[in-house]
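Please examine the sequence and the three-dimensional structure shown below.

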Amino acid sequence: MFEFTAQKLVYGGDALGYHQGRTVLVPRALPGERVAAEEVRTAKGVVHARPLRVLVASPDRVDPPCPYFGRCGGCQYQHLGADLQTAYKRDILRETLRRLGRITWDRDIPLHAASSWQYRNQAELKVGRLGDGKVALGFFAAESHHLIPIDACLILSPRLDAILGELRRADWLSDLGGWSEIELAADDRDEEVRMALRAHRDPAGRPATQDGEQVAVKCLALPGVVSVAVERGRELRVFGKPSISYAAGDFVYQVSPGSFFQASRFLLAELAAAVTSEGSQSGAPPGGALALDLYAGVGLFTLPLARRFDRVIGVEANARSAADLAANAAAHRLSNIRAVPESAFDFLRRFAQTEPDLVVLDPPRAGVGFPSLKLLAGLAPKGIHYVSCHPPTLARDLAFLIERGYQLDSVELFDFFPHTFHIESVTRLSR
Ligand SMILES: C[S@@+](CC[C@H](N)C(=O)[O-])C[C@H]1O[C@@H](n2cnc3c(N)ncnc32)[C@H](O)[C@@H]1O
């Protein structure tokens with residue numbers, strides 16, 4: 001056991017301080033707090049510790065409303081008011097750009113925030129067995145596969161939380177024991193829900209769970225559930241509706257099992273407007289001959305872009321998302337959209353037309369990476385709008401683009417996931 005004073009919050013949710021010349025990271029502490037902690041492990045010279053007691057509390061500390069906070073790995077910041085969380089997230093974003101990208105951003109970072117509770121329209125519930133062999137449903141503890149049984153979750157939409165409450169009843173748990181994960185996804189009105197049941201795998205990686213038709217049909221009787229996908233390895237069978245519809249801004253998006261869609265329900269139209277530049281912080285809305293949307297999903301940005309550009313190419317590596325993107329373009333009669341079902345890298349390798357007016361990048365946590373960025377820089381787009389869910393890879397990718405002659409025009413923060421460490425941002429570059 002040792003005592004130390006937390007100095008600042010860092011990306012990932014921990015507080016950082018020093019003890020006997022070593023850097024210490026501890027969860028659930030706030031800057032200025034004196035904390036008694038216990039070392040858990042040391043990695044790359046950094047001590048990762050568990051907080052035992054707060055000896056001197058910060059005036060900013062609040063009581064976490066969720067009884068699972070500190071055990072469940074879902075939330076990191078419930079001991080801090082939502083407004084202060086966003087202020088810290090801004091600092092962390094700025095600091096990450098500086099430290100990892102050597103980018104000094106002293107200008108404002110406008111903040112987009114909404115209700116800090118009941119915002120998640122998607123959840124992946126874990127199914128497992130406790131020490132006594134009983135089946136339980138919940139979420140994993142932080143950085144582990146240790147299941148924490150959960151009765152209710154304050155950040156889930158009311159509909160999804162009600163389904164969680166239902167599924168954790170004994171008669172359901174006995175049906176769910178054969179599955180490893182249950183995905184829930186609600187529509188924009190929090191009325192219709194799509195479920196996916198994922199099979200356990202045997203040691204050779206093959207699906208170990210049998211069939212699933214009976215339990216899928218039973219799931220369709222849950223309030224709001226209209227579609228149930230049963231996933232066994234590569235096999236996917238869907239019962240009920242083949243997809244759900246999600247309205248955001250002026251568009252309605254078909255989202256099928258296996259397709260990506262944003263997991264927070266309050267700021268979607270605002271995000272799409274910022275990315276496609278209605279309501280831009282940086283002046284004139286873009287428009288022109290050609291826009292590329294390189295990690296397009298089911299077309300959240302591709303569709304609004306098609307109102308502003310003569311042609312829009314949406315590139316999406318996941319075949320199911322790409323099929324939804326094509327269907328969504330057709331349903332809105334946007335014949336100027338081309339949906340390309342391949343990776344951004346493969347697309348860029350072949351694409352010959354230089355100087356697109358705008359390229360939208362919205363990669364997964366791994367970021368875009370140098371091979372694709374090199375090809376992209378070769379096309380010399382006039383503007384780039386980068387939507388990021390992971391500041392470290394954003395900093396790396398922006399540094400590359402700035403070195404290739406782009407300037408950073410604006411940085412905005414979307415607090416999609418209050419009480420968690422996640423930081424979503426939209427940055428705009430031009431040359
Ligand atoms: C963060 S999501 C964004 C999707 C969409 N822009 C949205 O907001 O709904 C990232 C998307 O990129 C896709 N993806 C992942 N790697 C990719 C790659 N190398 N090339 C193209 N798309 C990729 C994923 O399937 C996913 O749909």
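The following report treats the ligand, then the cavity, and finally the strands.

The model is predicted, so that local features need pLDDT of at least 70 and side-chain atom pairs count only at pLDDT 80 or more, whereas totals for chains, interfaces and linings use all residues. Residues are numbered from 1 along each chain as its sequence is written, and side-chain values use heavy atoms, with hydrogens and water left out.

**The ligand**

The ligand is surrounded by 17 residues, of which Gln262, Tyr295, Glu316, Ala344 and Asp362 are the closest. A residue counts as near a molecule if one of its heavy atoms lies within 4 Å of it. By class, this shell holds 10 nonpolar, four polar and three charged residues. Here Ala, Val, Leu, Ile, Met, Phe, Trp, Tyr, Cys and Pro count as nonpolar, Asp, Glu, Lys and Arg as charged, and the others, Gly among them, as polar.

| Residue | Protein atom | Ligand atom | Distance |
|---|---|---|---|
| Tyr295 | polar backbone atom | nitrogen | 2.9 Å |
| Ala344 | backbone N or O atom | nitrogen | 2.8 Å |
| Asp362 | polar side-chain atom | nitrogen | 2.9 Å |

Taken alone, the ligand exposes 590 Å², and the protein buries 84% of that. Accessible areas come from the Shrake-Rupley method with a 1.4 Å probe.

**The cavity**

Rolling a probe the size of a water molecule over the atoms shows where empty space is left. A cavity is a set of points, on a 1 Å grid over the protein atoms alone, where a 1.4 Å probe fits but cannot get out; lining residues have an atom within 4 Å of a point. Grid points are joined across faces, edges and corners, and a volume is the space filled by probe spheres set on the points.

A search of the whole structure finds one cavity of 30 Å³ or more. The volume of the largest cavity is about 40 Å³. Its lining consists of Gln122, Ala185, Ala186, Arg194, Ile244, Tyr246, Val255 and Phe261, divided by class into six nonpolar, one polar and one charged residues. At least two lining residues come from each of β10 (179–186) and β14 (244–248).

**The strands**

Strands (E, at least two residues) are DSSP runs numbered from the N terminus, and two strands pair if DSSP finds at least two bridges between them. Strands of a sheet pair through backbone hydrogen bonds, either parallel or antiparallel.

An open sheet of eight strands has the order β6-β21-β22-β20-β19-β16-β17-β18, with mixed pairing. Its edge strands, β6 (111–112) and β18 (337–340), each pair on one side only. Within this order, β16 (residues 288–293) runs parallel to β19 (residues 358–361) over three bridges, and Asp293 stands opposite Val360 in β19.

Strand β1 (residues 2–9) is antiparallel to β4 (residues 34–43), to which four bridges join it; Glu3 has Ala36 of β4 as its bridge partner. Three bridges also pair β1 with β2 (residues 15–19) in the antiparallel sense, and Leu9 stands opposite Ala15 in β2. The hairpin of β1 and β2 has five residues between the strands, and Gly12 there takes a positive phi near 115°.

Strands β4 and β5 pair in the antiparallel sense over nine bridges, and Val54 in β5 is the bridge partner of Val35. Their hairpin has two residues between the strands, with Lys44 at a positive phi near 50°. Strand β5 (residues 46–56) is also joined to β3 (residues 22–26) by three bridges, in parallel, and Thr23 has Val46 in β5 as its bridge partner.

Key
1 Å grid on protein atoms, 1.4 Å probe; cavity = no way out; pocket = protein on both sides within 12 Å on 5 of 7 lines; lining within 4 Å. Polar contact = N/O pair within 3.5 Å; in protein donor to acceptor, adjacent residues only side chain to side chain.
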